[in-house]
Amino acid sequence: MASAVSAIFILDLKGKVLISRNYRGDIPMSAVEKFLPLVLEAEEDSQAPAPCFTDDGINYLYIRHNNLFLLAITRKNSNATTVMLFLHTIAEVLTEYFKELEEESIRDNFVIIYELLDEMMDFGYPQTTESKILQEYITQDAYKLEVQVRPPMAVTNAVSWRSEGIRYRKNEVFLDVVESVNLLVNANGNVLRSEILGAVKMKVFLSGMPELRLGLNDKVMFESTGRSPTKGKSIEMEDVKFHQCVRLSKFENDRTISFIPPDGEFDLMTYRLNTQVKPLIWVEALVENYTGSRVEYLIRAKAQFKRRSSANNVEIHIPVPEDADTPKFRSGIGSVQYVPEKACVIWKIKQFQGGKEFSMRAHFGLPSVKNLEDADKRPPMSIKFEIPYFTTSGIQVRYLKIQERSGYAALPWVRYITQNGDYQMRMPDSIKASKMAPI
Amino acid sequence: MNLDAFKPKFFATSTKGENAELLVDLNSEYRDRRKDAVKRVIANMTVGKDVSSLFPQVVKNMQTEDLEMKKLVYLYLMNYAKSNPDLVILAVNTFVKDTDHPNPLIRALAIRTMGCIRVDKILDHLCEPLRKCLQDDNPYVRKTAAICVAKLWDLDQERAVENGFVTTLQDLISDSTPMVVANAVVALAEMQESSASKDVFVVNVSIMNKMLAALNECTEWGQIAILTSLAEYRPLDSKEAENICERVIPRLQHANGSVVLSAIRVLMMFLRYIKNDEFIKGLIKKMSPPLVSLLASAPEVQYVSLRNINLILQKRPDILQNDVRVFFCKYNDPPYVKREKLEIMIKLCNDRNVEQILSELKEYASEVDVDFVRKAVRAIGRCAIMIDEASERCVNVLLDLINTKVNYVVQEAIIVIKDIFRKYPKRYEAIIPTLCENLDSLDEPEAKGSLIWIIGEYAERIENADELIENFLESFLEENSQVQLQLLTATVKLFLKKPSQSQEIVHRVLQTATQEIDNPDTRDRAYVYWRLLSTDPQAAKAVVLSEKPPISVESGSSKISPGLMDELINNISTLASVYHKPPTAFMGKKAFSADAVRKAAVEDAKDEEQITGEDGAATAGSAAPKNAMADLLDLDFGSSEPAYTSPPVSSSKPTSSGPNYSADLFDMSSDMSSGGVFGGMAGMNAANGAQQQQQQSFGVMSPTNNSNQFGDLAGLGGFGQPAQQQQQQKPAPSSQSSTVNDLLDLF
C-alpha cells in the first residue's frame, strides 16, 4: 500500500522532458521515453487512453496541463488518487509561482522548480504543498535576503496553512458565496441533470492567529448528519466539503464551522445540491435546415427567476454547421456574433431581467455539397451568466465571529452570486425543409 | 535572483569546450562566477547533457553559506553520485557538518539529501547524523529524518535495525507534532511491506489510538497516510469497528478527494466486522454523497474515482441507487471518463430508470466518437438482456439506430440484437427482414457472424434463407475464420431444417471447408459435421439444433470473483482498484521470471474456476463437459458459457476473434474493467508470457490431440444418443482442442 512515487517528469506534448526529479532511484529514468509512444499506441487502438496505465512493471500516471504532461512513474501499487491530486497540486503551486505554467516558464525557473520538487515530495511521499507557506522559504529572490531563511513554523505545526506574525493595518474578511449551476437538458426539453455546486470563498486579511466561527442560516441543513430537516422549504445539502483548516470533528459533533483561516484567498467550503430547481435561464431552439442551401435558427431565451433580480453578461452559444457561411442575425436585445473557428453563434446580453423573454433569429447559407462526415457532430448549446445577490440554495451567512488575542475589531463583507457551471442544453433535430424556399 | 539576465547563458547551445569552460568557472575565485557555473551545470543536466565529469569541481562548491548554491550542488550530487561512487567521499565531510548547522532548514536538507545518495560508502557516515536528526528539537528536521530511515532501510535493512532506528521511528508515532507522526507512519508502513519478519509496524490498539489522535491535525497528505495504515488494524469486535468508523466519518467532508477515498476504504474494510445492521445502513447512506462529489474533480481524478465506484457498486449494490443521473455523460467529458460513466450507468440500471438510461444511450449513439458510439449501442443490448420489460423498447431503439444507416452503428446493433435473440428466443423475429436489408453493408467479422447466426437459427422462418446463405458463401474462402465457422454451422442448420432446398449447398460447403481450408479449426469442424450428418442425421439434429443455455448479463462484462473483490476493496484508491487487478498482477518485479509467469497463469485459472464454479452450478452440470460440447453445440456466441478452460490465453487478447470472442460480447472495454479474470493491459505482461509458454506446449501436443479427437469422433457416430455420450466421453480432448483453437485464432 505504500503510495510512493519513483519519479516525476514534466514533458512537452512531444514527449520531451523539460524537467524531472528522481525520488527513489528504483526505475531507470529512461522509462520516460516509452511514455508518449505508449499513449499514442493506446490512442491508435481507438481505446481512449486512460490517465494511468502499466507497462513492463512500471506504472505511468499523468495529467495534462496546458501544453504539458505532468507524469509520475512508480513500481508500486501506489495510491492513484493521491498521485493524480499531487500532480495537480504541483501544477497549481507552479502556476502560483510563475503565473503561467508552460515550457517557457519552466525553462526560466528551473532552479526554483528543483527546489520546490525537493520540498513538496520526499522519497516519493507528498510533504508540504501549501504554496503560501512554501513562498515563505522558497523564494525567487532568495539572494536578496540578508538573513538566511528558516523553515516556517507552519510547515510542521498543526496549523500548517498559516504563519505566525502576519500583520495588517486594516483587518478585513471578504466572503463570497458562489453557486454554479450545472444543467443538462435534452433535446425534448427534459431536464436530465440539475445540480448546484456552491462554494464559500474567503479573502482573509487578518493579523495574528484569529479564531473564526461561521454561522449559516438554519435553512441549510446537512443531510449527512442524519438529522432529517423539518418539513418545509429547507434545502438539503447533499455533500459538504471543507478546507483543511476547518475542524471536521467539531462540525460532526455540533455543526459549528470553526477554524483558523489561511492568509489570503481560499475556498472555505464547497457543497452540492441535487434539488431540482427551475432552470434559471431557459433556451429553446428551432432549427430549419434547407439541405444544400441554408439553415435558419429561432432561439428563444427566458429568464426564469424573480423579477427583481437580473442576470449579467449572459452569453448563449449556439452551435452551427462548420461549413455555414453568410450569417444574418436579428435579435430583440443584445448583440450577436458569428465565431466560425468555434462553429458557433454567440448571443450576448448585458443584462437580462428576471421574468423576461427574448428571441433571436439567425440565418446561414450552406454549401450545396455536404460533407457526410460532419453531419453527426452535434454539440449542445451552452449558456453563461451571472446573477448577483442571489443564491438558489437560499444559503445565508448569519454571522462570522472573529476573535484574536489582541482583540482587534474586524469587518466581514459578504456577497452572493449565482453563475453558470456546466450549463448545457442539447440541440433539437433540425426540421428538414425539403422545399427550396426563396431566401 | 534575476533569472532573465542569465537565461540565454544557461541553455546556450553546446560548444565543444563547454565543459572545459565550466571547469574554469567552477574554480573561479569569484563567488558569483562559481554560482553561475553551477547553475549552468544544472541547466545542462536538465536538458540531458552529461556533466558528470565535473564532479570534483562541483562538490568543491558545496561548502557555502549560500543556500541556493548549496541546494544546487546537493541536487547535482543526487544525480551523479552513482556514476562517481569513489568521489562521493569528498562530500561526506560537508554533509556531516551541515547536519549540525544552526539552521534547521540546512540540517534537514543535508539529511534528506544524504539519504537519497544511494551509494554504500555514504551509509557508513549516515547513521550518526541520522540518529541526531531523529532527536532534533526542530520538528521539520525530525519529520525529514523519519523518512530518511525508510531510505536507509531500502538500502540496508540490517543496519537500520542494528542502529535502533526502527525503535526510534516507532517512538516518533507518539511525537507531539502531527507531521512527524504522519511521516513516521509512512516510513514504517513502507518498511513493514518489505520486511521479512513483518514485525516492524504492527498496528495495535495503542498505535491505532495515537494515529486517530493525530488524524485531525495532519496535513491532507498526512491524513491519507494515517488512514491507509489505520486500515491495517483488525478490530476486536463490532463495537470497536463502529467506534473507529465514527472517528473516520468526518474525513468524508474533506476537500481532498484522496482523503475521502482513503476514508471510504477504511469504512468499506471495517464494514466486514460490523454486525449492527442499522449502523451499516447509515454508513452506506453517508458514503454516497461524497462519492458523487468526487465527480466534480479534475478528469483524471474522476477517472480513478469512477473505477473505484464501479468496484464499490459491485460490492454494495445498494449504494448510489438513486443517483444514476449524475453519471450521465457530458458532451465534453474526456473519452476515458465517458467510458467509465457508461459502465456505471449499466450497473445502476433497473426497471425504474431504464427509460431514462435508454434515451441517454440513444443520444450517445448519435455522437461522433465511433468507439463511444459502439459502446453505447452495446450498452443498449445489455439493458435489454438485464431487464425483460425493457427489452422491447431496447429493440425499438436499436431498430431506429439501424435505420440511420450509419455503417458502424448498424453493425454494432446487429451484434447486439443477436444477443437479444439468444436471451429472448422467438420473441423478436419480426425484425429479421429489417436486419437482412443491411446485409450488404456489413464488413466486420463479428457483425457478419452475428447476422449469419441469426439466419441459421431462424432458417425455417426466413423464406430465402438459402439465398442469403448462398450469397455469403460466394466469398467463403476469403472470410475471416470466425465468419467461416458461423457459415459452416448456419449451413448445417439450414440443411437440417430445410433438407430439400439445401442439400447441394451443404455438400459444397463441407467439401470446400475440408479440402481447401488450412485452418484446422474450421476444417475440423467441417469434418465433425460431415461425419455426424453422414452417420446419424438425428444425432446431428440433437447436437446442432439443441437448446442453448440462457445468456446472462454479467458474464461479458466485468464480473469479479468474490475473492478478488475483497482484495480489491482492500486496495481502494490504489492502482489495483483502477486496473481491477490484484497488485501482484502488475507490481514491478524487474522482469517476470518463468516461475512468476506460471504462477500468474495458475492464479488466473483459479479465479476463472471460481466463477466457473458459481455459474456452472446455476446452470446445472459440470463445466468441463459443457465446454466440450460448446464447439459442436454451436455456442460460438455462448457468452453465458462459463467454461473457458484456457483463461490466460483467451483473455490476454480480449478483442481477439475466434470461437471464444464471446468473452467480450457485451463489452469491448472489458479488457480494462474485467480485472484479473480477463487480462487487460496490466496483465498483458504476465499473460503474454504465459501465452507463449502455452503455445509452445500445445504446439507439441496438438497433432496427437487432433488425431485423438478423430478417434473419438469415429466412435461417436455409432452411439444412439450422441449428445449425452459426448458429454461423458469427450471432455478432455475437446476442451483441449478448443484451447488449441484459441491459440490458432490468436496468432
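This is a predicted model: local features need pLDDT of at least 70, side-chain atom pairs count only at pLDDT 80 or more; totals for chains, interfaces and linings use all residues.
## A guided look at chains A and B

Visitor: How many helices and strands does chain B have?

Guide: Helices (H or I, at least four residues) and strands (E, at least two) are DSSP runs, numbered from the N terminus. For chain A that gives 6 helices and 26 strands. For chain B the tally is 39 helices and 0 strands.

Visitor: What percentage of chain B is buried?

Guide: A residue is buried if 20 or more other C-beta atoms lie within 10 Å of its own, exposed if 12 or fewer, and partly exposed in between. In chain A, with its 439 residues, 38% count as buried. For the 747 residues in chain B, the figure is 54%.

Visitor: Is Lys306(A) buried or exposed?

Guide: Look in the loop between β17 (294-303) and β18 (310-319) of chain A. Its C-alpha atom and that of Ala7(A) are separated by 55 Å. Because Lys306(A) has 12 C-beta neighbours inside 10 Å, it counts as exposed.

Visitor: Which helix of chain A gives the most to the side that touches chain B?

Guide: The contact takes 80 residues from chain A and 93 residues from chain B. On the chain A side, the biggest giver, with 6 residues, is helix α2 (residues 80-98).

Visitor: Why are the buried residues of α11(B) on the same side of the helix?

Guide: In helix α11 (residues 165-172) of chain B, the buried residues are Phe165(B), Val166(B), Leu169(B) and Leu172(B). They sit on the same side because, going by the directions from the helix axis to the C-beta atoms, they cover an arc of only 110 degrees.

Visitor: What covers those buried residues of α11(B)?

Guide: The cover comes from chain B. It includes α8 (120-134), α9 (139-155), α10 (157-162) and α12 (178-194).

Visitor: How does α21(B) run relative to α23(B)?

Guide: Axes are lines fitted to C-alpha atoms, for helices over the stretch in contact, and angles run from 0 to 180 degrees between N-to-C directions. Those of α21 (residues 370-386) and α23 (residues 407-423) of chain B come within 9 Å and cross at roughly 20 degrees. Angles under 35 degrees count as roughly parallel, over 145 as roughly antiparallel, 65 to 115 as roughly perpendicular and the rest as oblique. So α21(B) is, relative to α23(B), roughly parallel.

Visitor: And how does α28(B) lie relative to α29(B)?

Guide: The axes of α28 (residues 499-516) and α29 (residues 520-535) of chain B come within 8 Å and cross at roughly 135 degrees. That angle is why α28(B) is described, relative to α29(B), as oblique.

Terms used:
Residues are numbered from 1 along each chain as its sequence is written. Chains are lettered from A and ligands numbered from 1 in the order in which they are written. Two residues are in contact if their C-beta atoms, placed from the backbone, lie within 7 Å.
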